[in-house]
Amino acid sequence: MPARKEGSAVARLLVLVAQELDRRRRDKGFTQAEIAELLGVKQPRISAIGRGVVPRDLQILHDYARLLSVDFAALMRSERAEIAALEPTIRNIRREIDAVD
């Protein structure tokens, strides 16, 4: 299934969540191959998630979080707060880029 490519805040949020899951996987000492086997998917799919390529079927992210004993809803809330905190900085950078063009 193709990955999400939208530039929306939701898509950015999901990329951060996917990358955080990958960080936690490494912290817990799991390989991508081990996670893939436990989730019943192929290793390249887990690799893609680690790079921030979010699958259209979000159930895999939820299952990945559960496998790592991570509260998916709490993770979404924390990453959403991080994005909200960065929005003013992102707007300023966009203004600076626009001014250069």
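**Helical architecture, core and salt bridges of a predicted model**

Helix H1 consists of 19 residues and spans 27 Å from its first C-alpha to its last, close to the 27 Å expected at 1.5 Å a residue, where the expected span is 1.5 Å times one less than the number of residues. The structure is a predicted model, in which local features need pLDDT of at least 70 and side-chain atom pairs count only at pLDDT 80 or more, while totals for chains, interfaces and linings use all residues. Residues are numbered from 1 along each chain as its sequence is written, and side-chain values use heavy atoms, with hydrogens and water left out.

The protein contains five helices and zero strands, and its elements run α-α-α-α-α from the N terminus on. Helices (H or I, at least four residues) and strands (E, at least two) are DSSP runs, numbered from the N terminus. The accessible surface of the protein is about 6,400 Å², and carbon and sulfur atoms hold 54% of it; areas were computed by the Shrake-Rupley method with a 1.4 Å probe, and for residues only the protein chains shown count as cover. Of the 101 residues in the protein, 32% are buried. Buried means under 20% relative accessible area, exposed over 50%, and partly exposed in between (1.4 Å probe, protein chains only). Among contacts with a separation of 6 or more, 67% involve residues 24 or more positions apart, a contact being heavy atoms within 4.5 Å.

The largest nonpolar core has 19 residues, of which Val17, Leu21, Ile46, Ile49, Leu61 and Tyr64 touch the most other members. At least two residues of this core come from each of H1 (9-27), H2 (32-39), H3, H4 (59-67) and H5 (72-100). H1 gives the largest share, five residues. A nonpolar core is a set of buried Ala, Val, Leu, Ile, Met, Phe, Trp, Tyr and Cys residues joined through side-chain atoms within 4.5 Å. Leaving aside residues up to four places away in sequence, Ile49 touches Ala18, Gln19, Pro55, Ile60, Leu61 and Tyr64.

Ser47 is located in helix H3 (residues 43-50) and is buried, at 18% relative accessible area. Its side chain forms a polar contact of 2.9 Å with that of Arg51. A polar contact is a pair of N or O atoms within 3.5 Å; within protein, one must be able to donate a hydrogen and the other to accept it, and residues adjacent in sequence count only if both atoms are side-chain atoms.

The buried residues of H1 include Val17 and Leu21, and also the charged residues Glu20, Asp22 and Arg25. Six salt bridges are found in the whole structure, each defined as a side-chain nitrogen of Lys or Arg within 4 Å of a carboxyl oxygen of Asp or Glu. Arg23 and Glu20 form one with closest N and O atoms 2.4 Å apart. Arg23 is partly exposed at 33%, whereas Glu20 is buried at 13%. Glu20, Arg23, Arg24 and Asp27 are linked in a network of salt bridges.

Asp22 pairs with Arg25 at 3.0 Å between the closest N and O atoms, and with Arg26 at 2.3 Å, N to O. Arg26 lies four residues from Asp22 in H1, a separation of about one helical turn. Just after H1, Gly29 adopts a positive phi of about 85 degrees.
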